[in-house]
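Me: I am new to this structure and would like to go through it step by step. Could you show it to me?

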Amino acid sequence: MNLSFLAAGAEGGAATPAWAMLAYLVAGIFFILALRGLSSPATSRTGNRFGMAGMAIAVITTLVTHSIANIAEIGIAIFIGAIIGVTMARRIAMTSMPELVAGFHSLVGLAAVLVGWAAYLNPGAFGLLTDGGAIGPVSKIEMGLGIAIGAITFSGSVIAFLKLSGKMSGSPIMLPGRHIINLGTLAAILVLTAMFAHTPGADANLPFIVALTIAAFIIGFLLIIPIGGADMPVVVSMLNSYSGWAAAAMGFTLGNSAMIITGALVGSSGAILSYIMCKAMNRSFISVIAGGFGADSSGGGNGEVREQRPYKQGSAADAAFMLEQAEKVIVIPGYGMAVAQAQHALREMTDVLEEKGVEVKFAIHPVAGRMPGHMNVLLAEANVSYDKVFELEDINSEFAQADVAFIIGANDVVNPAAKTDKSSPIYGMPVFDVDKAKQVFFIKRSMGGVGYAGVDNDVFYMDQTMMLLSDAKKMVEEIVKAMD
Amino acid sequence: MDFISILSIFVLACFVGYYVVWSVTPALHTPLMAVTNAISSVIIVGGLIAAAEAGSDVAKWLGLLAVVLASVNIFGGFAVTERMLAMYKKKDK
């Protein structure tokens, strides 16, 4: 077979040899396999190795095919990044995973902006020059969009990071006329991109690319500040998607298949996760993006006085006694479990109960926590076997047979108002049917807070409900002690 | 590559992404975000080209900075994914 085509240059544009294009394609396929592995925990680690191998192929191919004048500097740059990255990955607490991911997204966004600018300043290196010695208009559109999406990803993720890590208030910040400002800025970015592409000559089009970069940084900031803490799972997924589209736009500019395939994968991944999150809250994507949900309503400025309704309060000893008598217990963890770091104590409680012959299952709502799958990671960290952890639709029918529904740090996801009260802000959201369980234990810090949606929860006042008012971790530890 | 070939790869990859991501189990959605974050740092390729090629000093330094940022993501993203995935165990009782 004649393989000489492998050494041939690609048609037009960058002189990337054919073998290198095939190598980038292999890298892209390895990235597909990395995601494919995540279909089950058993195959997931093999998948991750494919991801690493794909990245190594992409990096080595790039280095080999370019005349590297600065290999030492590049080596140092990679080394610095590796040290920082690995240190962060090792040190981060599992409860802080959402802010780590948001922080990482911001880096992808900023890297996309830098690459876009580098391509603008040195188009020859990227094979972007046309016969006339200038950058073609199509390349400029791709470049402009790549820079814009990257900048939005960066500033949006920085705000998401600050909100998730508590360095900035999680409550929405509403600017007057923000919809008009936002739409105006978006329109300005598109117009600037078109003018940038249309204007030949680096001196003449420089102001446009500067202006579009600045406008994109601003819009990323403006888009995220009005979105409240409870909507963060959608925001994190959405920024995940943007970081993918930024990579894809750069892939178009560079004609690099590994970047395009990856960008498309990551872009669709984030979009699908956003869709799943929105559906799990019965909210439209537009209403989440418009923001304002979860505004602080505890001030009681509406003149509305919540009636004091009777509820039953129990102690750890009461709960321990009844748990031991139960045959089947379903645990519903929420963000409060993460805040209290109660997952390890919860696992201990599970172990004790299982030794006594009680069946314990975990029920996870798609929007529990601050990012998709947040609760699953925490339970995995605490060594809870993943075959005991179930999704909403798989376990909801089992509450009728459950002796105890054990709610820890969750609230809105068990609120029956979502099923019955059409005026409720969470109406239509799928919730757990805890009212069907024989008994409900509700661990909560106090009777004051009412979840992020700011609505009262009828589960507190049901006959079969026992409120366990305490810090989640302390309460579970006391229950474990009381069972000995 | 001409624009149409690139576009074809992109559109097909979007379809592949759609089906592959729907097959990811919800229990692994956090690792999914971590690993997609790591692989989207393949943008390092652009940084490497800018850093490697002569022609513009500013572009070189922008490229090197992009390489640092993307490397943080690549190493951090894969490492944290590995750490999370190692925790997903099935206990035999």
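Me: What ipTM does the predictor give the complex?

Reply: This is a predicted model, and the predictor gives the complex an ipTM of 0.94 and a pTM of 0.88.

Me: And what is the mean pLDDT of chain B?

Reply: The mean pLDDT of chain B is 91, with 97% of its residues at 70 or more.

Me: Now to strand S1 of chain A: why is it described as largely enclosed?

Reply: Strand S1 covers residues 328-333 of chain A, and six of its six residues are buried, so the rest of the structure largely encloses it. Lys328(A), Ile330(A) and Ile332(A) point one way, while Val329(A), Val331(A) and Pro333(A) point the other way.

Me: Which strands pair with it?

Reply: S1(A) pairs in the parallel sense with strand S2 of chain A over four bridges, and with strand S4 of chain A, also in the parallel sense, over five bridges. Val331(A) has Phe362(A) in S2(A) as its bridge partner, and Ile330(A) has Ala405(A) in S4(A).

Me: Changing topic, which residues touch the most other members of the largest nonpolar core?

Reply: They are Phe406(A) and Ile479(A), in a core of 192 residues. Beyond its neighbours within four places in sequence, Ile479(A) is in contact with residues including Phe406(A), Leu468(A) and Met349(A).

Me: Where does Met349(A) sit, and is it buried or exposed?

Reply: Met349(A) is in H13(A) and is buried, as are Leu346(A) and Leu353(A), among others.

Me: What follows that helix?

Reply: H13(A) is followed by Gly357(A), whose phi is positive, near 85 degrees.

Technical notes. Residues are numbered from 1 along each chain as its sequence is written. Chains are lettered from A and ligands numbered from 1 in the order in which they are written. This is a predicted model: local features need pLDDT of at least 70, side-chain atom pairs count only at pLDDT 80 or more; totals for chains, interfaces and linings use all residues. Side-chain values use heavy atoms; hydrogens and water are left out. pLDDT is the predictor's confidence in each residue, from 0 to 100. A nonpolar core is a set of buried Ala, Val, Leu, Ile, Met, Phe, Trp, Tyr and Cys residues joined through side-chain atoms within 4.5 Å. Buried means under 20% relative accessible area, exposed over 50%, partly exposed in between (1.4 Å probe, protein chains only). Contact means heavy atoms within 4.5 Å. Helices (H or I, at least four residues) and strands (E, at least two) are DSSP runs, numbered from the N terminus. Two strands pair if DSSP finds at least two bridges between them.
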